[in-house]
Amino acid sequence: MPAIALVVEIELAPGRKDAFLARALAHRETVLSNEPGCLRFDLLTADEDDAMVFLYEVYADAAALETHFGTPYMKQYLADTGPMIAGRTRNRCTLAHD
């Protein structure tokens, strides 16, 4: 079964970048420590737009992704970061290679 990736584009509310990155990095550590099905979790900041952040996450399969979405810490992360975000686009992808 092919791995599933999420590429999440996040536009931050003005002045919220530092707080968002701190919370997102803590969430990243929680996910990587608790979800063996999460194979990769990267945060990227845009060089040309200070308000844009990208998440790149890779899960072993669709079940691992569903597990991720169902965790209490994912729900808490979404609640905590909601006021920091002006817009979010989540792209679910299938890896085209091993």
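Visitor: What percentage of the 98 residues of the protein chain count as buried?

Guide: A residue is buried under 20% relative accessible area, exposed over 50%, and partly exposed in between, with a 1.4 Å probe and protein chains only. In this protein chain, 34% of the 98 residues count as buried. Please note that this is a predicted model: local features need pLDDT of at least 70, side-chain atom pairs count only at pLDDT 80 or more, and totals for chains, interfaces and linings use all residues. Residues are numbered from 1 along each chain as its sequence is written, and side-chain values use heavy atoms, with hydrogens and water left out.

Visitor: How many helices and strands are in the protein chain?

Guide: Helices (H or I, at least four residues) and strands (E, at least two) are DSSP runs, numbered from the N terminus. The protein chain has three helices and four strands, and from the N terminus their order is β-α-β-β-α-α-β.

Visitor: Where is Val 7 placed?

Guide: Val 7 belongs to strand β1, residues 4-12. With 28% relative accessibility, Val 7 counts as partly exposed.

Visitor: Which residues is Val 7 in contact with, leaving aside its neighbours within four places in sequence?

Guide: Contact means heavy atoms within 4.5 Å. With those neighbours set aside, Val 7 is in contact with Leu 55, Tyr 56, Thr 89, Arg 90, Asn 91 and Cys 93. Furthermore, 6.6 Å separates the C-alpha atoms of Val 7 and Arg 92, which are 85 residues apart along the chain.
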